Number of protein chains: 2
Amino acid sequence: MSTPKIQNNAIDTKFSKILRSLNLKITPKRLAILDILINESLYLSPEEIWQRMKKQFGRIGLPTIYRNLEELSERNIISKVTHPNRQLYYYFCPNRSHHHHFVCLSCRNVEDINFCAFDELQKEVKRKLNGKVISHILQVNGYCRNCLNKKEGKNEI
Amino acid sequence: MSTPKIQNNAIDTKFSKILRSLNLKITPKRLAILDILINESLYLSPEEIWQRMKKQFGRIGLPTIYRNLEELSERNIISKVTHPNRQLYYYFCPNRSHHHHFVCLSCRNVEDINFCAFDELQKEVKRKLNGKVISHILQVNGYCRNCLNKKEGKNEI
DNA sequence: TTTTAAATAGAAATGATTTCTATTTAAAAC
DNA sequence: GTTTTAAATAGAAATCATTTCTATTTAAAA
């Protein structure tokens, strides 16, 4: 196998700790879902993750996938993608600090944007609107360098 | 009636022009949908708009509402709200220039944010990632001044 | 080991949204 | 003002991602 896969053991140990600290049981399926997302740079749909899990486990229900993805994303271990087609997508982002993403509409690649206008936004909302900011969505859609080079990456997902 | 409703005739004339310029037929239902959204400062679901339309028209299909809302939003006459519950919501925003919104999670009020980090974001994406920005989503969720005053507006929609 | 609360499988339900087809209607052409 | 025709609509039905439900299994605490 040419893909230099990160050691499962190391990951499992690392995530066991995280899961334990969040009062989530360390189940093989939970670790497998994390494993899939960690070794994939694209965002995936629950269905796609299910397909891969079925190869590993045989018996696995789609609701299990949905439930786990939701739990992991609620606890900020993985992130949700806000997609125009209104399906759910998830991906794992190792960057633990607050940031946003550049999402390629052609190849699904996700990259970090180390820029957040949150402070300015909060200031504006406080000063002009007298409101209180609870959360914000910022997502930038476009075409990544690879897709631009290849063939002006025109194909939408 | 105490609500100072904008003259329907004036609105109809104004939007007739817009609709015509977009090659959309000027139908009573299309105008009524615009009328509802214009006279409402909150974002509404297709279902809610349907309920109001039924009072005016009696016979009206829900698919008609969906179709029209989608067409109008595609043509940037109305805006979509990206909601965590993944239902569609729409509202009319008279501000025709590029801007973003502060969305109250309690009362559904929408207010303009005259701040956009688009330029900086585009610069960052171009310089660091070599990608091309096609679109972006920026939405700030929180509690508006009224809800904060009333009772610390805790009730989610 | 035993216990127990969390996690899972699988079937079934849900419900927002879309599709389909026949009918109606706005507005262009006459 | 009629006729024409392409767009818009009604209503029923389908779709399909997501959620719920219940019985069973399992991780991990006792």
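## What you are looking at

This is a predicted model, where local features need pLDDT of at least 70 and side-chain atom pairs count only at pLDDT 80 or more, while totals for chains, interfaces and linings use all residues. Residues are numbered from 1 along each chain as its sequence is written, and chains are lettered from A and ligands numbered from 1 in the order in which they are written.

## Chain A in outline

Let's start with the parts list. Chain A has six helices and five strands; helices (H or I, at least four residues) and strands (E, at least two) are DSSP runs numbered from the N terminus. Reading from the N terminus, the order is α-α-α-α-β-β-β-β-α-β-α.

Chain A has 157 residues, and 25% of them are buried. Here, buried means that 20 or more other C-beta atoms lie within 10 Å of the residue's own, exposed means 12 or fewer, and partly exposed is in between, with C-beta atoms placed from the backbone. Now take the contacts in chain A between residues at least 6 apart in sequence: 52% of them join residues at least 24 apart. Two residues are in contact if their C-beta atoms, placed from the backbone, lie within 7 Å.

## Two helix pairs

In chain A, look at helix H2 (residues 28-38) and helix H3 (residues 46-57): their axes come within 11 Å and cross at roughly 125 degrees. That makes H2(A) oblique to H3(A). Axes are lines fitted to C-alpha atoms, for helices over the stretch in contact, and angles run from 0 to 180 degrees between N-to-C directions. Angles under 35 degrees count as roughly parallel, over 145 as roughly antiparallel, 65 to 115 as roughly perpendicular and the rest as oblique. H2(A) passes H3(A) in a right-handed crossing. From H2(A), the contact uses A:Lys29, A:Ala32, A:Ile33 and A:Ile36, and from H3(A) it uses A:Ile49, A:Arg52, A:Met53, A:Gln56 and A:Phe57. Sorted by class, these are six nonpolar, one polar and two charged residues. Ala, Val, Leu, Ile, Met, Phe, Trp, Tyr, Cys and Pro count as nonpolar, Asp, Glu, Lys and Arg as charged, and the others, Gly among them, as polar.

Back to the pair from the opening. The axes of H2(B) and H4(B) come within 11 Å and cross at roughly 70 degrees, which makes H2(B) roughly perpendicular to H4(B). B:Lys29, B:Arg30 and B:Ile33 of H2(B) meet B:Thr64, B:Ile65 and B:Asn68 of H4(B). This contact has two nonpolar, two polar and two charged residues.

## Around the DNA

DNA strand C has 24 residues around it, and A:Ile60, A:Thr64, B:Ile26, B:Pro63 and B:Leu88 come nearest. A residue is near a molecule or strand if its C-beta atom, placed from the backbone, lies within 6 Å of it. The surface near DNA strand C has eleven nonpolar, six polar and seven charged residues.

DNA strand D is surrounded by 23 residues, the closest being A:Ile26, A:Pro63, A:Leu88, B:Ile60 and B:Thr64. Which helix gives the most to the surface near DNA strand D? H4(B) does, with four residues. By class, the surface near DNA strand D has eleven nonpolar, six polar and six charged residues.

## Where the chains meet

In all, 30 residues of chain B touch 30 residues of chain A. On the side of chain B that touches chain A, E5(B) provides the largest share, twelve residues. That side has 16 nonpolar, eight polar and six charged residues.

A:Asn76 sits in the loop between H4 and strand E1 (79-82) of chain A. Its phi is near 65 degrees, a positive value in a residue other than glycine. A:Asn76 counts as exposed because it has 10 C-beta neighbours inside 10 Å.

B:Lys17 lies in helix H1 (residues 8-21) of chain B, and with 11 C-beta neighbours inside 10 Å, B:Lys17 is exposed too. B:Lys17 and B:Leu138 are 121 residues apart along the chain, and their C-alpha atoms are separated by 30 Å.

Definitions and conventions
Left-handed = near helix turned anticlockwise from the far one by under 90°.
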